[in-house]
Amino acid sequence: MSAATNGAPGGEQCAGDRARPARLRALDVLRGATIAGMILVNNPGSWGHIYAPLKHAAWHGCTPTDLVFPFFLFMVGVSIPLALGRRVDAADGARSAAVPKVLRRGVVLFALGLLLAGFPTFDLEKIRIMGVLQRIAVCYVGASLLFLFTSARTQGLVALVCLLGYWPLLVLTPVPGGGAPDIATQGEHIAGWVDRAVLGAHTWGGKVYDPEGLLSTIPALGTALLGVFVGALLRRQRSLLAVTRTLALAGTALTLVGWLWGQVFPINKPLWTSSYAVFTGGLAMLALAGCIALFDLGADSRGKRALARPFVVFGVNAITVFVGSGLLGRCLGRLWKLDDGRTVQQTFYAWLQANLHLSPIQASLCYALVWVSAWYIALEVLYRRNIVIRV
């Protein structure tokens with residue numbers, strides 16, 4: 001990781017149909033909204049008291065919380081043509097020049113994921129190998145190398161193979177020693193079997209499958225590649241209005257296709273089913289189209305900048321706040337205890353109930369909102385000093 005200073009970290013410039021900004025504000029807004037949502041749902045005051053929209057679906061289905069990770073992975077894909085394209089241009093078209101950067105970033109992301117998984121005990125016998133940052137690392141490296149060394153046609157074929165091939169792999173492949181697959185259960189399918197066979201005790205919580213497991217990373221790569229296609233479109237298309245229209249049409253089509261596919265291959269986040277990848281990818285395109293229309297099309301204004309500011313602040317230091325929030329959350333919720341034996345988190349959660357007269361579920365949400373707000377203040381300090389901590 002490195003800290004860098006940028007003259008205009010938000011890239012906040014006026015953008016219309018004919019003039020493209022150096023950096024689209026919408027990209028940082030959507031990335032920032034996604035990461036803010038991620039730390040909101042990851043840090044309730046009590047895991048036993050959470051409003052339904054802030055929970056993952058029990059198994060099949062999709063809640064607002066289930067959109068957070070695929071939206072972020074989609075944005076990782078969008079950034080690949082924009083960032084690597086500039087690096088290749090600077091190297092006079094030498095695509096191999098970008099490979100060390102890609103591999104280094106992938107290794108750092110994976111290592112940060114292991115840090116979060118192990119902290120604070122670092123029990124090497126049970127440490128979770130896969131996770132959110134680990135999946136991002138694998139998909140980032142895979143999508144980046146495909147972008148650098150294959151054509152758009154090949155990338156499209158790979159995405160189709162990932163999504164279409166995963167379907168029969170999951171619903172038709174017998175489970176060794178277990179018989180016919182059953183994706184209505186958490187472990188009776190080939191994805192769960194592979195996680196147990198390869199990862200063993202290193203799966204999520206020692207369970208029968210890992211929600212960021214090995215086989216389910218295949219369609220997750222498809223999600224990242226959907227972002228790559230959008231990033232390539234943004235890179236070559238000079239008209240933001242045309243881009244917005246294309247994203248709106250494609251996003252609507254993919255959302256509908258994913259929903260229809262989900263009637264026969266259920267939408268499922270832990271398994272990252274192909275229908276889930278297509279459905280959430282379509283919604284991510286629609287969200288990006290909306291952000292471009294709101295923040296980058298037409299004349300700039302103080303109101304636009306004020307509305308975008310909190311999300312941009314989160315967006316430019318997204319990985320920093322994800323890792324920092326994870327580490328600090330474990331300190332407050334596990335390590336740091338008061339004289340009465342309660343953790344800092346438990347104490348503050350009880351204080352919210354007693355002093356603000358909140359119900360347990362209200363206090364739990366209030367704790368999460370305070371958490372997000374406190375991180376915003378910290379990130380605002382970095383933003384005002386033009387500090388972006390890069391991975």
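Trainee: Where is Asn317 found?

Mentor: In this predicted model, Asn317 is found in the loop between helix H10, residues 302–316, and helix H11, residues 318–335.

Trainee: Is Asn317 buried or exposed there?

Mentor: Asn317 counts as buried, because its relative accessibility is 1% and buried means under 20%.

Trainee: And which residues does Asn317 touch, not counting those up to four places away in sequence?

Mentor: Asn317 touches Leu379, Leu382, Ile387, Val388 and Ile389. Of the elements around these numbers, helix H13 covers residues 360–384, and strand S2 covers 387–390.

Trainee: What about Asn386, where does that lie?

Mentor: Asn386 lies in the loop between H13 and strand S2, and its phi is near 60°, a positive value in a residue other than glycine. Most residues other than glycine have a negative phi, and most peptide bonds are trans. Asn386 counts as partly exposed, with 25% relative accessibility.

Trainee: OK, and what is phi of His357 near?

Mentor: Phi of His357 is near 55°, which is again a positive value in a residue other than glycine. His357 sits in the loop between helix H12, residues 344–356, and helix H13, and at 68% relative accessibility it counts as exposed.

Trainee: New topic: which residues does the cis peptide bond join?

Mentor: The cis peptide bond joins Phe119 and Pro120, with omega at about 10°, and Pro120 has its place in the loop between helix H3, residues 99–118, and H4.

Trainee: Now the inside: how many residues has the largest nonpolar core?

Mentor: The largest nonpolar core has 104 residues, and those with the most contacts inside it are Phe74, Leu133, Leu234, Leu288, Ile292 and Phe314. Helix H2, residues 68–90, gives the largest share of this core, with 13 residues.

Trainee: What is Ile292 in contact with, leaving aside its neighbours within four places in sequence?

Mentor: Ile292 is in contact with Ala26, Leu234, Leu240, Val243, Thr244, Leu247 and Leu297.

Trainee: And why is H7 described as largely enclosed by the rest of the structure?

Mentor: H7 is described that way because 15 of its 20 residues are buried. Helix H7 runs over residues 217–236, and its end C-alpha atoms are 29 Å apart, which agrees with the 28 Å that its 20 residues should span at 1.5 Å a residue.

Technical notes. Residues are numbered from 1 along each chain as its sequence is written. This is a predicted model: local features need pLDDT of at least 70, side-chain atom pairs count only at pLDDT 80 or more; totals for chains, interfaces and linings use all residues. Side-chain values use heavy atoms; hydrogens and water are left out. Helices (H or I, at least four residues) and strands (E, at least two) are DSSP runs, numbered from the N terminus. The expected span of a helix is 1.5 Å times one less than its number of residues. Buried means under 20% relative accessible area, exposed over 50%, partly exposed in between (1.4 Å probe, protein chains only). A nonpolar core is a set of buried Ala, Val, Leu, Ile, Met, Phe, Trp, Tyr and Cys residues joined through side-chain atoms within 4.5 Å. Contact means heavy atoms within 4.5 Å.
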